[in-house]
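Hi everyone, and thanks for coming.

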Amino acid sequence: MSFSRRKFLVTSLKGAIGAALPISAFRLLSPAEARAVVGDASRRWVFLVDTTKCVGCGLCVKACKKENEVPYDAPVTRTWVERYVVTRDGQTHIDSPNGARDGFTDPRIDDQEIPAEEITKAFFVPKLCNQCENPACVQVCPVGATFQTRDGVVLVDRNWCIGCGYCIMACPYGVRFFHPVYKVAEKCTFCYHRISKGLESACVQACPFEARRMGDLRNMEDPVTQIIMNERIAVLKDEYGTKPQVFYIGLDARVR
Amino acid sequence: MKKHALKPLWVALTVIALVLLARYVMVPKDFGVNGRNFTYGFHRQSAINDWLVVPVKYKGKESCNECHDDKYAENLESRHRLLECENCHGPALEHPENPERLVIDLSRDLCLRCHSKLDYPNSPRGALPGIDPAEHNAGLACSECHNPHRPDLEDM
C-alpha cells in the first residue's frame with residue numbers, strides 16, 4: 001500500500017475543513033448579545049414570610065382583594081392566612097375562614113371550642129403564589145396564556161386564556177382560581193403593577209408586623225436576600241421540584 | 001394521471017392554506033418565545049403591559065401625610081404607628097377627587113382583627129392587648145373610649 005506525502009497532506013486538509021464547517025454554523029456572542037437572547041434577568045422577585053410575626057389580622061387579604069379587584073365577597077382570594085392550633089393530644093386544628101379576609105376573631109375552630117390550657121402551640125401562616133422557578137401551572141397551559149416574566153413573576157394573559165382550568169389543577173399550592181368576573185384563570189401577581197413602579201405590594205404594605213416582605217434575589221445587598229442567604233428558611237412542598245420562591249421563617253412541619 | 005384522481009389533493013392543500021392563513025391573521029404579531037425559554041416564556045409580549053397598567057389603589061401613609069400631617073404625626077407617636085392609614089380607612093384610590101371622602105369604619109370588627117383575645121402561647125397574637133368581644137362593652141363602638149390614632153390607655 002502506498003500513501004504519499006502529498007496524499008496525506010491533501011486528506012488532512014480536507015478533514016480539517018470538513019470538521020470546521022459545522023462549527024462555523026455557530027457564532028460567538030458578545031455578552032450584550034447573549035443577554036438580549038436570554039433576556040434581562042437582572043432582577044428576581046422573591047417573597048419572605050415570617051410566620052413568627054403574623055398575628056392573623058388579615059389586613060393583607062383585605063388589601064390584596066381591593067388592590068387587585070378580586071370580588072370582595074366571592075369565596076376566592078389571591079392570598080390567604082391559615083391558622084394552626086396544636087393541642088396536647090397531638091391534634092392539629094386548621095382553619096381559614098373567608099381566607100382570613102376579616103382576620104381571626106373567634107377562638108373556636110370549625111365551631112369547636114379549644115380550651116386555652118389544651119393548646120401547646122398556635123401560629124398563623126400567610127400563603128400566596130410561590131412564583132416558582134419551574135412553575136407547573138405554566139407548563140400545562142395549552143395556549144400560552146400564562147407565562148413567567150424575566151424577573152420571575154408568573155402572569156396570566158386574560159385576553160388569551162381559554163379557561164380550561166389545567167393550571168388550577170396543576171398548581172401544587174392551590175393558589176389559582178377562576179376569576180368570577182373575567183371568567184379566566186386568576187392568581188397572585190406579586191402586585192406586578194406596584195413592584196414595577198418601585199412600590200411595595202399591597203399585602204406587604206398593609207402588614208403592620210413586617211411578617212411579609214419582598215426582595216430581589218439578584219441583589220446581594222437586599223435585606224431580604226441577606227436573610228434568605230444567611231438565616232434558616234424553608235419553602236412549601238419542596239418535593240414537587242417547582243422551586244418555589246416564597247421563603248418562610250419559622251415554618252412548622254405541620255404546615256402543608 | 002387522470003385529473004379527477006388529483007382532486008382530493010387540491011382540496012387538502014386548500015384546507016391547509018386556509019388554516020395557515022387563519023393562523024396568520026388570528027395570532028398576535030408579538031406572540032412567541034419572549035421569556036427564558038419555550039416552556040415558560042411562550043406568550044404574547046404585550047400581556048405584560050396589560051398588568052403594568054393596573055391602577056394603584058393603596059397610596060401609602062406618606063401620601064396621606066401631604067394633607068393630613070396632623071393625623072400622621074399623631075399616629076407616628078402612638079403604638080399604632082405600624083398601621084397604614086388605609087388599613088382602616090380603605091384604599092385612597094383618587095382621593096381627594098374620587099372619592100371626595102373616605103369611609104370612616106367604626107365597626108368593632110376592624111379592631112377585633114388584632115384585639116380579639118386569642119390565648120396562644122409562643123404567638124405574637126397572644127401577646128397583643130386583647131378582649132373578649134362578648135364581655136367587653138358589647139355593642140359599643142371601640143372609638144367611644146379608645147382613640148384609634150392614639151390608642152394608649154393613659155391618653156383616654
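This is a predicted model: local features need pLDDT of at least 70, side-chain atom pairs count only at pLDDT 80 or more; totals for chains, interfaces and linings use all residues.

**A walk through chains A and B**

Let's begin in chain A, where strand β2, residues 80-87, pairs with strand β4 in the antiparallel sense, over eight bridges.

Is strand β4 of chain A enclosed or open? Seven of the nine residues of this strand, which runs over residues 119-127, are buried, so β4(A) is largely enclosed by the rest of the structure.

Now to where the two chains meet. On the chain B side, 45 residues are in contact with 60 residues of chain A. In general, the size of an interface is often given as the accessible area lost when the parts come together. Here chain A and chain B bury about 4300 Å² between them, and 58% of that is on carbon and sulfur atoms. Which residues of chain B lose the most area to chain A? They are Tyr40(B), Trp51(B) and Arg113(B), and together they make up 22% of what the chain B side buries.

What about polar contacts? Between chain B and chain A there are 23 residue pairs in polar contact, with both residues at pLDDT 80 or more. If you want to trace the chain B side by its elements, those giving two or more residues to it are α2 (38-41), β2 (42-44), α3 (47-52), α6 (85-89), α7 (108-115) and α8 (124-127). The largest share, five residues, comes from α3(B). Sorted by class, the side of chain B that touches chain A has 26 nonpolar, nine polar and 10 charged residues.

Let's turn to charge. As a general point, side chains of opposite charge can pair when their charged atoms come close. Over all chains, this structure holds 20 salt bridges, and four salt bridges are found across the interface of chain B and chain A.

I'll start with a pair inside chain A. Arg194(A) forms a salt bridge with Glu67(A), and their closest N and O atoms are 3.1 Å apart. This pair links distant parts of the chain, 127 residues apart: Arg194(A) sits in helix α6, residues 192-195, and Glu67(A) sits in helix α3, residues 59-67. Both Arg194(A) and Glu67(A) are buried.

A second pair within chain A is Asp73(A) with Arg101(A), where the closest N and O atoms of the salt bridge are 2.9 Å apart. Here too distant parts of the chain are linked, with Asp73(A) in the loop between α3 and β2 and Arg101(A) in the loop between β3 (92-95) and β4, 28 residues apart. Asp73(A) has 66% relative accessibility, so it counts as exposed. Arg101(A), at 11% relative accessibility, counts as buried.

Glu133(A) forms one with Arg36(B), the closest N and O atoms being 3.7 Å apart. To find this pair, look for Glu133(A) in the loop between β4 and α4 (136-140) of chain A, and for Arg36(B) in the loop between β1 (31-33) and α2 of chain B. Glu133(A) counts as partly exposed at 23% relative accessibility, and Arg36(B) is partly exposed with a relative accessible area of 36%.

The other is between Asp102(A) and Arg113(B), with the closest N and O atoms 3.9 Å apart. Which residues are joined into one network by salt bridges that share partners? They are Asp73(A), Arg101(A), Asp102(A) and Arg113(B).

Finally, some backbone details. In chain B, a cis peptide bond joins His95(B) and Pro96(B), with omega about 10°. The peptide bond from Asn98(B) to Pro99(B) is cis as well, with omega near 0°. You'll find Pro96(B) in the loop between α6 and α7 of chain B, and Pro99(B) is in the loop between α6 and α7 too.

Back in chain A, Asp110(A) has a positive phi of about 50° although it is not a glycine. Asp110(A) lies in the loop between β3 and β4, and it is exposed, with a relative accessible area of 65%. Lys183(A), also not a glycine, has a positive phi near 60°. Lys183(A) lies in the loop between β7 (177-178) and β8 (185-186), and at 60% relative accessibility it counts as exposed.

Note on methods: Residues are numbered from 1 along each chain as its sequence is written. Chains are lettered from A and ligands numbered from 1 in the order in which they are written. Side-chain values use heavy atoms; hydrogens and water are left out. Contact means heavy atoms within 4.5 Å. Buried area is the accessible area (1.4 Å probe) that two parts lose on being put together, summed over both. A salt bridge is a side-chain nitrogen of Lys or Arg within 4 Å of a carboxyl oxygen of Asp or Glu. A polar contact is a pair of N or O atoms within 3.5 Å; within protein, one must be able to donate a hydrogen and the other to accept it, and residues adjacent in sequence count only if both atoms are side-chain atoms. Helices (H or I, at least four residues) and strands (E, at least two) are DSSP runs, numbered from the N terminus. Ala, Val, Leu, Ile, Met, Phe, Trp, Tyr, Cys and Pro count as nonpolar, Asp, Glu, Lys and Arg as charged, and the others, Gly among them, as polar. Buried means under 20% relative accessible area, exposed over 50%, partly exposed in between (1.4 Å probe, protein chains only). Two strands pair if DSSP finds at least two bridges between them.
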